[in-house]
Amino acid sequence: MRFSQLLLPTLKEDPAEAEVVSHKLLLRAGFIRKLTAGVYSYLPLGLAVVRKVERIVREEMNRAGAQEVLLPMVQPADLWRESGRWEKYGPELLRFKDRHQRESCLGPTHEEVITDLVRMNVHSYRDLPLNLYQVQTKFRDEIRPRFGLMRGREFIMKDGYSFDADEAGADATYQKMYDAYQRIFSRCGLAFRAVEADTGTIGGSFSHEFMVLAATGEDQVVICQHCDYAANMEKATAREIRSETREQPLPLNRVPTPGRKTVTEVCDFLQIPSDRLVKTMIWLADDRPVAVLVRGDHEVQPVKLQNLLGALEVTLADDDRIAELSGAPAGFLGPVELKIPLVMDTVVANMSNFVTGANQADQHLVNVNPGRDFSATHQADIRMVTEEDQCPRCGGKLALTRGIEVGHIFKLGTSYSRALNATFLDDQGQSHPFIMGCYGIGVSRTVAAAIEQNHDRDGIIFPLPIAPMQVIILNLTPKDQEISAEAERLYRELQTQGIEVLLDDRDERPGSKFKDADLIGIPIRLVVGKRFKNDGLLEIRTRADGQTSEATPAAALAVIGEMIAKALTPVDDRP
RNA sequence: CGGGGCGUGGCGCAGUCUGGUAGCGCGCCUGCCUUGGGAGCAGGAGGCCGGAGGUUCGAAUCCUCUCGCCCCGACCA
């Protein structure tokens with residue numbers, strides 16, 4: 001590809017509309033342009049990166065035994081009514097009517113369509129397992145699209161669906177996909193972690209999210225620094241905290257705490273550390289009030305609470321509701337003699353002689369003990385883990401870090417196959433619903449995540465396997481015939497070797513070429529300039545580490561060939 | 001949907017408070033010059049000031065409505 005003929009409108013300045021680095025760089029590097037909110041056009045080099053990711057995804061999905069299909073983007077409402085999601089899905093589902101007034105929607109995901117396809121065409125255990133996937137544009141009418149490709153309304157996704165005859169088979173398929181995902185993201189050259197994820201209300205199943213680790217990620221994840229335990233915040237647990245010496249319960253005592261409402265204020269006033277206090281909050285689980293107890297320095301994890309209570313939604317009660325239910329203003333609540341259901345975090349259950357509110361303004365209780373002074377309706381892990389916690393598996397140190405969710409695998413079970421009556425006959429002639437799994441990869445988001453993780457002040461630093469081009473040749477002096485002839489020769493030679501190369505043959509000053517090369521992040525830069533004319537030497541520079549060396553053309557070609565071959569070999573396959 | 005902000009040549013912005021008919025930097029075109037980190041000089045093209053209505057002798061500027069975009073919250077690949 002010749003730069004002079006390429007549609008690559010690079011920008012010197014950051015566009016005003018972009019906030020996060022991947023969005024800014026995708027625009028500045030001329031990879032994407034916005035059409036309307038959350039909807040982007042991919043320009044040639046942007047598309048090239050998307051294709052690279054897709055290719056790796058396809059190779060690994062195929063290797064894992066999945067088959068590619070392409071499902072419709074426009075889907076009939078009736079199918080969605082059958083699964084119950086026409087009502088459940090909400091405004092994120094873009095609905096419309098065609099000329100015959102038939103209701104339709106743009107596919108935000110394809111469980112319904114795939115399940116329909118399979119129920120119509122697969123009837124026997126002999127045809128199982130079956131694993132189908134597609135790479136397709138999805139549309140979700142997001143409440144707030146933002147961050148460019150990170151959260152568009154229209155985005156490219158690989159979604160796969162598996163159908164198994166029994167649990168063991170479904171679990172094996174899940175494991176295959178887990179392994180395939182590991183290979184996919186490591187082949188993309190990304191630092192990532194598979195984390196255990198919450199499965200929501202479907203229950204009984206399991207799920208992993210694949211997170212590209214980046215400081216700017218939207219999701220917080222917990223990873224163990226010693227073993228491979230990793231989970232998102234909604235799911236993460238910690239090794240149980242017990243005090244080594246169990247204290248003898250002391251007499252319950254009421255103390256005045258005038259105007260001290262927050263944990264810090266009360267602790268300062270009473271001269272105690274915050275882990276000696278238990279805070280009480282009133283939550284509404286689908287409008288049913290519950291009191292929730294966690295240690296003073298801990299926070300409630302709403303999803304854990306939600307799952308414990310089997311609620312669709314949990315929210316904090318407002319001040320009026322708190323006063324009505326406890327008889328005290330917020331800041332002075334406590335479990336003792338509280339007349340609503342009580343959820344106690346496991347950590348609190350192991351504490352003794354702690355401080356709580358007294359359910360009376362300006363009063364707290366000291367030496368509160370569970371069992372003696374109150375009893376909980378539920379006792380469970382409902383808090384967020386912290387960096388002080390220990391790994392639940394190995395006791396190692398936990399770290400909180402940020403990530404971008406680029407993949408999600410999910411064991412679905414039979415929820416869709418039952419809803420849509422998708423069944424097969426086993427070897428006894430008995431009918432069963434398929435056991436399903438679904439497996440998503442945000443392809444366009446992966447591109448954004450790769451940039452979010454790999455960039456510097458000058459621009460993008462693409463991992464070679466997903467770079468739009470592998471090599472860029474800078475012809476610094478297009479008007480010089482000797483230099484140009486060599487640049488052209490190298491260009492053809494690299495292409496002959498099957499290497500993807502961009503030749504900057506523009507009549508621009510060297511500075512612009514260096515800046516653009518850095519911006520668009522092509523891994524290997526080959527410069528033909530004065531030094532070639534004087535000494536017959538080329539400059540080779542790697543974008544990632546800025547390492548520069550000089551070599552004769554023949555040596556340069558050899559070095560480049562090696563670098564590329566090495567970068568394209570998956571780590572697992574290296575000798 | 002709630003809260004905040006912004007719409008002015010392709011991009012980034014000033015001008016709006018205090019009305020007088022649009023300006024700067026970058027980019028683009030032509031020429032000269034320059035060629036190892038976004039040069040310099042000269043000339044030039046390009047703007048329904050997001051849209052509609054109103055006030056006024058006169059509106060980018062004031063008023064009303066409207067559309068779009070960005071940021072913060074609940075959602076997700």
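Me: Which element supplies the largest share of the surface near RNA strand B?
Reply: H14 does, with seven residues. H14 is a helix covering 510–520. Helices (H or I, at least four residues) and strands (E, at least two) are DSSP runs, numbered from the N terminus.

Me: What kind of model is this, and how are residues numbered?
Reply: This is a predicted model: local features need pLDDT of at least 70, side-chain atom pairs count only at pLDDT 80 or more, and totals for chains, interfaces and linings use all residues. Residues are numbered from 1 along each chain as its sequence is written, chains are lettered from A and ligands numbered from 1 in the order in which they are written, and side-chain values use heavy atoms, with hydrogens and water left out.

Me: Which part of the RNA is Asp518 facing?
Reply: A base nitrogen, 2.3 Å from a polar side-chain atom of Asp518. For Lys12, a side-chain N or O atom is 2.9 Å from a sugar or linking oxygen. For Arg146, a side-chain N or O atom is 3.4 Å from a phosphate oxygen.

Me: Which residues of H14 are buried?
Reply: Lys513, Asp516, Ala517, Asp518, Leu519 and Ile520. Buried means under 20% relative accessible area, exposed over 50%, and partly exposed in between (1.4 Å probe, protein chains only).

Me: What do they pack against?
Reply: Helices H1 and H2 and strands E26, E27, E28 and E29. Contact here means heavy atoms within 4.5 Å. Just after H14, Gly521 has a positive phi of about 75°.

Me: New topic. In what order do the five strands of the open sheet run?
Reply: E28-E27-E29-E30-E31, with mixed pairing. Two strands pair if DSSP finds at least two bridges between them.

Me: In which sense do E27 and E29 pair?
Reply: Parallel, over five bridges. One bridge partner is Leu526 in E29, for Ile473.

Me: How does helix H13 run relative to E27?
Reply: At about 165° to E27, lying across E27, E28, E29 and E30. Helix H16 also packs on the sheet, and its direction makes about 15° with that of E30. Axes are lines fitted to C-alpha atoms, for helices over the stretch in contact, and angles run from 0 to 180 degrees between N-to-C directions.

Me: Is strand E9 mostly covered or exposed?
Reply: Mostly covered: four of its five residues are buried. E9 runs antiparallel to E10, joined by five bridges. Ala194 stands opposite Phe210 in E10.

Me: Last one. Where is Thr262?
Reply: In the loop between strand E13 and helix H7. Thr262 counts as partly exposed because its relative accessible area is 38%. A polar atom of its side chain lies 3.1 Å from the backbone nitrogen of Glu265.

Technical notes: Polar contact = N/O pair within 3.5 Å; in protein donor to acceptor, adjacent residues only side chain to side chain.
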